[in-house]
Number of protein chains: 2
Amino acid sequence: RSNLLVAATTDPAKLWGKSSARLLSLSLSSPPAMNSPLRVVSPLLVLHLKPVLTSLPQLSPSVLSPRRLFAPINPRALLCTAAARDHGGRSGALTGPPVLEEEELVTKIDVNPPKGTRDFPPEEMRLRNWLFHNFKEVSRLYGFEEVDFPVLESEALFIRKAGEEIRDQLYCFEDRGNRRVALRPELTPSLARLVIQKGKSAPLPLKWFAVGQCWRYERMTRGRRREHYQWNMDIIGVPEVTAEAELISSIVTFFKRIGITASDVGFKVSSRKQVLQELLRRYSLPENAFGKVCVIIDKIEKMPIEEIKKDLTSVGLSEDVIKELLQVLSIKSLAELEDILGSGEAIADLKHLFSLAEKFGYSDWIKFDASVVRGLAYYTGIVFEGFDRAGKLRAICGGGRYDRLLSTFGGDDLPACGFGFGDAVIVEFLKEKHLLPELSLQVDNIVCALDPDLRGAAATVATILRGKGQSTDLVLENKPLKWVFKRAARANAQRLILVGTKEWEKGMVGVKILASGEQYEIKVDELD
Amino acid sequence: RSNLLVAATTDPAKLWGKSSARLLSLSLSSPPAMNSPLRVVSPLLVLHLKPVLTSLPQLSPSVLSPRRLFAPINPRALLCTAAARDHGGRSGALTGPPVLEEEELVTKIDVNPPKGTRDFPPEEMRLRNWLFHNFKEVSRLYGFEEVDFPVLESEALFIRKAGEEIRDQLYCFEDRGNRRVALRPELTPSLARLVIQKGKSAPLPLKWFAVGQCWRYERMTRGRRREHYQWNMDIIGVPEVTAEAELISSIVTFFKRIGITASDVGFKVSSRKQVLQELLRRYSLPENAFGKVCVIIDKIEKMPIEEIKKDLTSVGLSEDVIKELLQVLSIKSLAELEDILGSGEAIADLKHLFSLAEKFGYSDWIKFDASVVRGLAYYTGIVFEGFDRAGKLRAICGGGRYDRLLSTFGGDDLPACGFGFGDAVIVEFLKEKHLLPELSLQVDNIVCALDPDLRGAAATVATILRGKGQSTDLVLENKPLKWVFKRAARANAQRLILVGTKEWEKGMVGVKILASGEQYEIKVDELD
């Protein structure tokens, strides 16, 4: 609100640019005649400017802070802000953003993607495709089916329990129909929504995977971005720990495929059921403190211990409980944990998981570590995270069991577990280990006419090759042979096919194998 | 603004729910003590509720319309709205959405995706993957490189010239840092941005393709959605019409791959350069009317002709010009067009395109039709659209030359052309023609332990099979054999691998080939 009013009270001709000022004065007087060239734009502008104009008399001088007045103000942004506010007030309004005259549009745009987001030029896209291909191939090997959900969801889906980092960074908006929406920060709530929607029509267990873009609105420090892609695998309907064992196995398979070994990466495994729920029950703490305590504990390595203690106090834990909790969390051996807490459901689960890990063949990848709790409030049982053994990077992936998520959305609970695996840390990790693959453009053929009149003939040749499944870059302009060779080298082409007048008259083309330099002529229909 | 105030003036305890009311009164009094269990949530809430509370005295009774008072109001939505408005006012504010107590979260969420958007459960995802695979495979055959851009862009990138449907439906927001952003309605402006950014470092011509989700905020009639995926192919740096010919060829190849023939689909081709630019020049109409005239003409089949005429008058065309224009637009033969307008650059281009179509082998797919102009303002030359010969559906795809787009963003112009091909109309079309493929889940093996103690052994068997590249669904629970067979049938499994005690003792498993019913035992290491 303030921005808009500030602009309107300063000299409009200066702030809004010449032609906007003209439009402004137009809209202050009578509507322009029907045959005026401005007719198309002015009625809309009158509509958009109205709130500015009518609110001028009520303007309080206190909003005119010097900082705001000196900040550069983009006239287009102001107009759009006015439009958006207007939409906000009229439920379901469908009017578009303000319409501008062409002459106003020649300002140079910012050629970078919005702050915290990425373009994928070909070289980046090849890496992304390679990574996604491996995500998908592993999921396929494990018999999982791919799903996806809208990147834009109702905000309500993501608002829950206190303190999660992922909640505080929700990228939320109000849309033009007054709905609160958010760019998804994670995939699990959408998955839960779809599971409830499908109800009994989907035969359990569901084994679903997804690779989707997730968003967070975070202060742009430490080179963290506002979007990343996340690979998720989830198993819905299996209460046994075999499900968690299967999920960790699939991540291990992924690591192996891309050249990562058990000496590079490991998994820390624990169970919230044991370590935290047990402890909270023993001290009869309120049930709903559980999620919050987990979220606080997840920050142990990122925050001073005094802060952690303060936060734990604030959710109702006494000094004694905190002391015991922190002690238990430092345990790195299952036997030791059993000594302290006695045997129970979770100890049994963990033992079973470690025995299954042996059968799956990844014992050397996992270890018990009571400090692992994960930062999401909805986990209820086993939790795990993949970590860099060199200790340089954040968690590479993480997951766990969330048997009670569905009921928080009003559905019937189903046993469920899953993991998320982002595309950011793994690429950093691969760079660090010099494991990033060399991915280059690769075409089978480059086809080039040696004479402009043979452009059509070259098109015929390209069509034949493509019909045989060969990727073919057709040279579309007149270019010297030197240029064509350079392009062929850049595209790692296997063959250069030259269409020359004499050869074409005989129904032939020239072929040059680029690796060997071998050259020959061949009948067009014998090309393969 | 009005929503928020209305809520605050009615009984808060009723509208906001019990615990919100409690928090509300808390925030009205002194801040809660540090050790209160509410400490974590309340400071944030105080912040969010402040605007509501301070604005109460100024409330005008006129906003209390009965409709608003009786409409069901979601307390969470109100809180979020307050938060969003607050962010709007504080530049760069990073506070999250309001934090709620757990007890408030048990309302049932809407299990459907937001209005106008889609979930992709496995069966829908298989169709999407099949379609995208064909998009990508054709692009690869033509030697194009894949790129992508953020789905969220600066709004400024999409605000241009008047009257385009795509502009009026811009899905725009203000983000928490006061930036005007939009979910992309199309891919071309982002592509142009990236081309300018890359500058001279990218060797021309660029042949780029993308498959990305695009959004529009449209009134939800006629079953149209608010998001769709679009396949784009673009050639940057080729002024010759060979580029357009190559693009149409690639779409034809796509159609053929998915079983569509020249008797199902055709392309209407025209050139804006000739038909419109020429006409406008002849009557010395302003250069900037060109884009608008094109956008108006594109609506000819969707709007009454009197409306079209009125719109054309309003951008400055006289009755005579309109008459001649409409006459020219009805021409369906290149020779006739040449008779009326005389020969020129565009006639030559079109002739060249038709001759190339012959060499590419798709003459029977294309025809000249002067009425095709496409609805995007930035096209400058040849335009084309794929249409349903049965006349039932909207344009299937469309594209053209846009040689002057880059300069509207402040870059140096480069000759460019491209097309967009959505995932919505083509799927409708395939349904209509009974050409939708049968796509079912397909796994190679189902592995099942016949005894709970052999769950680990089954995991070992699954790991071996997956290591050999075979997709394997491992049964994770104790299930009767009948259930396993049903699951195997649903997954179209080729083999069922049974791990029984006796066989396992010999290092063997039972195999059942599901298509033939053949059964045998085999050594585990001989499985392949």
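Axes here are lines fitted to C-alpha atoms, for helices over the stretch in contact, and angles run from 0 to 180 degrees between N-to-C directions. Helices (H or I, at least four residues) and strands (E, at least two) are DSSP runs, numbered from the N terminus.

This is a predicted model, in which local features need pLDDT of at least 70 and side-chain atom pairs count only at pLDDT 80 or more, while totals for chains, interfaces and linings use all residues. Residues are numbered from 1 along each chain as its sequence is written, chains are lettered from A and ligands numbered from 1 in the order in which they are written, and side-chain values use heavy atoms, with hydrogens and water left out.

**Exercise 1. Describe how helix 10 and helix 16 of chain B pack.**

Step 1: Find helix 10 at residues 242–257 of chain B; its axis and that of helix 16 are 9 Å apart, at an angle of about 45 degrees.

Step 2: Name the arrangement. Helix 10 of chain B is therefore oblique to helix 16 of chain B; angles under 35 degrees count as roughly parallel, over 145 as roughly antiparallel, 65 to 115 as roughly perpendicular and the rest as oblique.

Step 3: Helix 10 of chain B crosses helix 16 of chain B in the right-handed way (left-handed if the near helix is turned anticlockwise from the far one by less than a right angle, right-handed if clockwise).

Step 4: List residues in contact (heavy atoms within 4.5 Å). Helix 10 of chain B brings Thr242(B), Glu244(B), Ala245(B), Glu246(B), Ile248(B) and Ser249(B), and helix 16 of chain B brings Leu353(B), Leu356(B) and Phe360(B).

Step 5: Sort the residues of this contact between helix 10 and helix 16 of chain B: 5 are nonpolar, 2 polar and 2 charged. Ala, Val, Leu, Ile, Met, Phe, Trp, Tyr, Cys and Pro count as nonpolar, Asp, Glu, Lys and Arg as charged, and the others, Gly among them, as polar.

**Exercise 2. Trace the open sheet of 8 strands in chain B.**

Step 1: Write down the strand order, 1-5-6-11-10-9-7-8 in chain B, and note that the pairing is mixed. Two strands pair if DSSP finds at least two bridges between them.

Step 2: Look at the edges. Strand 1 (145–146) and strand 8 (366–368) of chain B each have a single partner strand, so one side of each lacks a neighbour in the sheet.

Step 3: Take one pair. Strand 7 (residues 265–271) and strand 9 (residues 382–388) of chain B are antiparallel over 7 bridges, and Lys268(B) has Glu385(B) in strand 9 of chain B as its bridge partner.

Step 4: Helix 16 (residues 345–360) of chain B lies across strand 7, strand 8 and strand 9 of chain B, at about 155 degrees to strand 7 of chain B.

**Exercise 3. Do likewise for the open sheet of 5 strands in chain B.**

Step 1: The order is 13-12-14-15-16 in chain B, with mixed pairing. At the edges are strand 13 (472–474) and strand 16 (519–523) of chain B, each pairing on one side only.

Step 2: Strand 12 (residues 445–449) and strand 13 of chain B are parallel over 3 bridges. Thr472(B), in strand 13 of chain B, is the bridge partner of Asn445(B).

Step 3: Helix 20 (residues 481–490) of chain B lies across strand 12, strand 13, strand 14 (495–499) and strand 15 (508–513) of chain B, running at about 165 degrees to strand 12 of chain B.

**Exercise 4. Find backbone features worth a second look.**

Step 1: Recall the background. Most residues other than glycine have a negative phi, and most peptide bonds are trans.

Step 2: In chain A, the bond joining Leu204(A) and Pro205(A) is cis, with omega about -5 degrees. Pro205(A) sits in the loop between helix 9 (188–198) and strand 5 (206–215) of chain A.

Step 3: In chain B, a cis peptide bond runs from Leu204(B) to Pro205(B), with omega near -5 degrees.

Step 4: Asn178(A) has a positive phi, near 65 degrees. Asn178(A) is in the loop between strand 3 (171–174) and strand 4 (180–183) of chain A.

**Exercise 5. Report the confidence scores of the model.**

Step 1: Chain A averages a pLDDT (the predictor's confidence in each residue, from 0 to 100) of 80, and 77% of the residues score at least 70.

Step 2: Over residues 1–105 of chain A, pLDDT stays under 50.

Step 3: For the model, ipTM is 0.81 and pTM is 0.81.
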